[in-house]
Amino acid sequence: MHPERETLMTEDLNPFHIARQQFEHAVRYLPDLRHGLVEFLIRPDRVIIVEFPIQTHDGIVRNFVGYRVLHNSVRGPGKGGIRYHPDVTLDEVRALASWMTWKCAVADIPFGGAKGGVVCNPKELTKDDVRMITRRFIVELGENIGPHTDIPAPDVNTSAETMAWIYDTYQMMHPGRNNLPVVTGKPVDLGGSHGRREATASGCLFATQRALARGIVKGLDSVKGATVVVQGFGNAGAIAAELFAAAGARIIAVSDTRGGIHAPGGFDPIAATLHKAATGSVTGLAGTKPVSNEDLLTLPCDILIPAALENQIRADNADRIKARFVVEAANGPTTPAADRILFGKGIPVLPDILANSGGVTVSYFEWVQNVENEQWDVEEVNDKLLRKMNRATDAVLDTQQKINGSLADREARRQRAGGDSDRLEPVDLRTAAYVLAVTRVSDVTLKRGIWP
Ligand code: NAD
């Protein structure tokens with residue numbers, strides 16, 4: 001067997017196991033966390049599994065399975081998207097919910113972490129089917145979502161339109177009060193926030209610019225003139241390509257599920273968006289050559305933006321990554337083994353819980369506007385987002401410097417305490433972001449007091 005194939009087969013790609021490994025690694029740098037608190041912080045508060053039938057367009061009655069996981073609500077109500085995909089599993093939703101907890105803490109917004117998903121393939125369903133699935137799913141979740149308990153948002157294969165159906169269904173169930181804050185990512189004329197559609201990508205650009213300006217990549221202090229590759233051309237990826245190009249970067253390759261396109265001299269991502277709108281895919285855009293999704297990831301470039309799904313950069317391909325900087329617009333695109341390989345090669349990874357936190361940050365702004373019956377203009381939203389992203393990026397970079405600058409002291413302390421056998425090594429940005437987030441969540445847990 002090919003050695004790379006063997007490595008992949010031995011790598012555990014279960015997202016919940018990966019989230020646990022990331023958390024446990026970070027906790028090694030937090031020796032004062034008590035054991036019970038560590039267990040509380042990794043386990044979800046609540047897991048809901050629902051099953052329901054829908055009669056689809058072809059007259060067939062089909063059963064659907066949906067999940068909603070509330071991971072942690074110490075810092076505020078649960079917050080997290082709803083995903084429609086045939087590969088959704090409970091472990092994936094549990095992992096995504098925990099990443100939301102850490103992301104909200106890194107972004108320093110008063111929400112906890114949650115996530116939902118329905119196992120379905122929207123490509124085989126009509127719009128009416130998806131609307132019925134959405135309404136039925138929300139009814140099944142009942143009182144487990146709400147403006148002050150758990151607030152959904154868009155994720156893979158869900159959109160502002162899906163959020164409008166969620167709002168409408170919840171409003172039917174709870175008439176006579178302001179229910180707009182029950183869900184974010186709504187259409188702008190239905191309580192949505194200006195700037196929310198672009199928020200994940202804008203936040204990604206702001207965090208990238210801040211990290212580059214602080215010297216995270218030697219010889220690359222701005223996105224201006226940088227070559228950029230984007231995997232996944234949906235809400236996060238397509239808009240990231242457009243915004244990075246508008247900031248002076250050269251987009252040289254992008255992809256979607258049908259394949260990728262490549263032009264070393266660069267191309268206009270807006271042309272790719274229009275081409276996708278007309279044909280259903282970016283493939284075949286004039287002036288570009290086809291590239292497979294595997295080869296796209298290993299193209300030489302300054303910045304690689306995975307913006308599709310989990311487990312794209314793994315033990316079997318990380319060594320071939322030639323980007324100088326990886327910016328995670330997607331959740332969980334890099335496995336722990338790949339993280340170690342990239343760190344060893346000196347390629348920094350701006351982790352998902354920082355890099356894509358612009359989406360949930362503007363979701364929080366939307367929630368505030370809904371609670372106050374306000375609508376801010378787009379400049380106000382973007383100014384606030386820029387400040388939040390700069391602060392969060394600084395906090396993660398500062399945490400990394402602080403940990404790596406005090407390793408000798410930390411290691412001596414670990415040994416005195418008779419700690420586990422592995423030495424404390426310098427941390428990457430992901431571990432730094434986790435240390436920051438876990439510290440913020442555990443501090444609030446202790447301030448509130450263990451109940452009763
Ligand atoms: P989306 O459904 O709008 O887009 C996903 C895109 O990825 C599509 O273009 C699809 O064709 C492509 N894709 C799927 N599998 C692929 C593969 N194997 N190779 C190449 N392309 C592939 O979803 P989205 O909302 O953009 O979410 C993408 C990622 O960003 C997810 O990990 C999501 O959790 C994360 N994210 C999204 C938001 C948001 O606000 N939408 C916020 C934070 C994080």
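Predicted model: local features only at pLDDT ≥ 70, side-chain atom pairs only at ≥ 80, totals over all residues.
Strands of a sheet pair through backbone hydrogen bonds, and they do so either in the parallel or in the antiparallel sense. One open sheet in this model is built from five strands, which follow one another in the order β1-β2-β4-β3-β5, and the pairing among them is mixed. At the edges of this sheet stand β1 (46–55) and β5 (150–154), and because each of them has a single partner strand, one side of each is left without a neighbour in the sheet. Going from one strand to the next, the twist averages 20°. Within the sheet, strand β3 (residues 78–85) pairs with β4 in the parallel sense, over four bridges, and a reader who wants to follow the pairing residue by residue can look at Tyr84, whose bridge partner in β4 is Val118.

Another open sheet has seven strands, in the order β9-β8-β7-β6-β10-β11-β12, and here, too, the pairing is mixed. Its edges are taken by β9 (289–291) and β12, each with a single partner strand, so that one side of each has no neighbour in the sheet. Strand β6 (residues 227–231) and strand β10 (residues 303–306) run parallel and are joined by four bridges; Val228, for instance, has Ile303 in β10 as its bridge partner.

From the sheets we can turn to the helices. Two packed helices are described by the angle between their axes and by the distance between those axes. The axes of α4 and α16 come within 8 Å and cross at roughly 85°, and this pair therefore counts as roughly perpendicular, since that class covers angles from 65 to 115 degrees. On the side of α4, the residues that take part in the contact are Trp99, Thr101, Trp102, Ala105 and Val106, and they meet Ala433, Tyr434, Leu436, Ala437, Val438, Arg440 and Val441 in α16.

After α11 comes Gly346, which has a positive phi, near 80°.

The aromatic rings give another way to see how parts of the chain come together. A pair of such rings is described by the distance of the centres and the angle of the planes. In the whole structure, a search finds seven aromatic pairs. One of them is formed by Trp102 and Tyr434, whose rings are tilted, with 6.2 Å from centre to centre and 45° between the planes. This pair links distant parts of the chain, for Trp102 belongs to helix α4 (residues 90–107) and Tyr434 to helix α16 (residues 429–448), 332 residues apart. Are the two residues buried or exposed? Trp102 has a relative accessible area of 0% and is therefore buried, and Tyr434, at 1% relative accessibility, also counts as buried.

Phe111 and Tyr364 form an edge-to-face pair, with 5.6 Å between the centres and 90° between the planes. Because Phe111 lies in the loop between α4 and β4 (113–119) while Tyr364 lies in helix α13 (residues 358–372), the pair ties together parts that are 253 residues apart in sequence. Phe111 is buried, with a relative accessible area of 1%, and Tyr364, with 19%, is buried because the limit for that class is under 20%. Phe111 and Tyr364 also belong to one aromatic cluster, together with Phe365, Trp367 and Trp376. Over the ring of Trp376 sits the charged end of Lys384, 4.2 Å from the ring centre, and elsewhere the charged end of Arg94 sits over the ring of Phe16, 3.8 Å from its centre.

Finally, some positions of the backbone deserve a careful look. Asp108 is not a glycine, yet it has a positive phi of about 60°; its place is in the loop between α4 and β4, and it is partly exposed, with a relative accessible area of 40%. Asn157, found in the loop between β5 and α6 (160–173), is another residue other than glycine with a positive phi, near 65°, and it is partly exposed, with a relative accessible area of 42%.

How values were computed: Residues numbered from 1 in each chain as written. Heavy atoms only, no water. Phe/Tyr/Trp six-rings, centres within 6.5 Å; stacked < 30°, edge-to-face > 60°. Helix = DSSP H or I, 4+ residues; strand = E, 2+ residues; numbered from the N terminus. Buried < 20%, exposed > 50% of the residue type's maximum accessible area, 1.4 Å probe, protein only. Lys NZ or Arg CZ within 6 Å of the ring centre and 35° of its normal. Pairing = 2+ DSSP bridges. Axes fitted to C-alpha atoms, helices over the stretch in contact; angles between N-to-C directions. Parallel < 35°, antiparallel > 145°, perpendicular 65-115°, else oblique. Contact = heavy atoms within 4.5 Å.
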